[in-house]
Amino acid sequence: VASVLALNFFFLPPVGTFRISDPGNWAALVAFLAVSLIGSDLSARIRAREREVLARHDELARLSRIQQALFQATGALLHATTEAQLLEDVCRVVTGRAGYRLASIGVPEKGPDKAVRFVAVVGEAADYLRKAKISWDDSAYGQGPTGSALRTGQPQVVQDFAGSSRLALWHELAGTYGLQSCVGLPLRSDGKVIAVLTIYSAEKNSFDSAELAMLERFAAELSFGVQAVRQKEERNRFQQQVVRLSRFQKALLNAHGVMMRARTEANLYDGICKVIVEDAGYLLAGVGLVQHDAVPPIRPVAVAGGGAHTAEILQFALARAQEADGSGPAGRAVRSGEVQVIRHRATDPTLDPWRPRLAAIGVTIGSTAALPLKRAGEVFGVLAVFSTVESDFLDDEIAMLESFADDIAFYVDVLRRGGAPS
């Protein structure tokens, strides 16, 4: 319209006015108006089409980037040697090359509160999951994408985090870390949900149908990868167990030879501790004898392995109930007359009194077994064995150690009666 008025004012006589003196100029003016309107409409359509093409190009580039990232993550499935490494690598790729703000793997805890434990968390907003309370029960804390996916076994998509009423508990915290949308993808093993891959984006409506389809396919591949790694780890554990038990049996045979040759209790205790460390491959082995109404209540009499702080470690281990450290396996073995095994020394709360001193001397102990030594049904001592490996002391291994402790007690009884092993 403006261009038509300009044409009339500047070019059609009488110039400088909006009047038209020649009737023929009306036709020119109408034709010019029609051409202008058609041109304007075509121009608007072209610009809209350009915007659509650019948006589609950006979308295709984003999907291509995500697809390449997921392809890279699939490569991690082939090269991972442990489940922990696999899950960490996947989250790193998802937040790195794919460009998401946060990725996590959450597993369900079996306790009464049904908490979610995150075994892998990677991204700029990692602190969000360290501060947020998340469960997989029916409470308000279980309504997020991770908890809901664990509970229902179905993918959970939130396109507008701040606009979702069921996520109200986390609105403020999520906003602090720039989390605008998210998706929770269940991972399965043998048909059961074992974990959830949760991905967070810094943009609203980030997960369209094409992107979700790719992510769901990847979650299925990751589930397969987790099962494959678990099977590989199980095979490796079995092979290691076979080798370890074979080595352990040979060590016990050597220990029996030592006991048969011993002429004093001191020789016997020293010999079996050395065999347990040198032949069986444990970090440290020690023997303590019970002293009734005496301090210390358990007196160390033999020790092998453990490095420069051997005696100090054993002294800690043999503390009894009357001491602050008496909640340890050796004290409990003496009091109860039963074998005591701790497979996770780093997290076992009964060992809290020991940790500062062990950390100060730079000693790492993964697991411990304490076996009572009995004579005529009464505990007279304890054999404590330490390993650097967590989850050590298999059931078969413990059974052999128990039998070995009985043999030690038998040879001690022979020596105390004034005889010699034969």
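Helix α5 (residues 145-152) supplies three residues to the lining of the largest cavity, the largest share. Helices are DSSP runs of H or I with at least four residues, numbered from the N terminus. The model is predicted, so local features need pLDDT of at least 70 and side-chain atom pairs count only at pLDDT 80 or more, while totals for chains, interfaces and linings use all residues. Residues are numbered from 1 along each chain as its sequence is written, and side-chain values use heavy atoms, without hydrogens or water.

**Cavity**
- One cavity of 30 Å³ or more is found in the whole structure; a cavity is a set of points on a 1 Å grid over the protein atoms alone where a 1.4 Å probe fits but cannot get out, and lining residues have an atom within 4 Å of a point.
- The largest cavity has a volume of about 60 Å³, a volume being the space filled by probe spheres set on the grid points.
- Its lining consists of Y128, I134, G144, P145, T146, G147, F161, W170 and Y200.
- By residue class, the lining has six nonpolar, three polar and no charged residues, with Gly counted as polar and Tyr, Trp and Pro as nonpolar.

**Cysteines**
- There are zero disulfides, a disulfide being a pair of cysteine sulfur atoms within 2.5 Å.
- C91 counts as buried because its relative accessibility is 0%, where buried means under 20% relative accessible area (1.4 Å probe, protein chains only).
- C182 is likewise buried, at 0% relative accessibility.

**Helix α10**
- In helix α10 (residues 329-336), the buried residues include P329, A330, G331, A333 and V334.
- G337 follows α10 and has a positive phi, near 75°.

Methods:
Buried < 20%, exposed > 50% of the residue type's maximum accessible area, 1.4 Å probe, protein only. 1 Å grid on protein atoms, 1.4 Å probe; cavity = no way out; pocket = protein on both sides within 12 Å on 5 of 7 lines; lining within 4 Å. Helix = DSSP H or I, 4+ residues; strand = E, 2+ residues; numbered from the N terminus.
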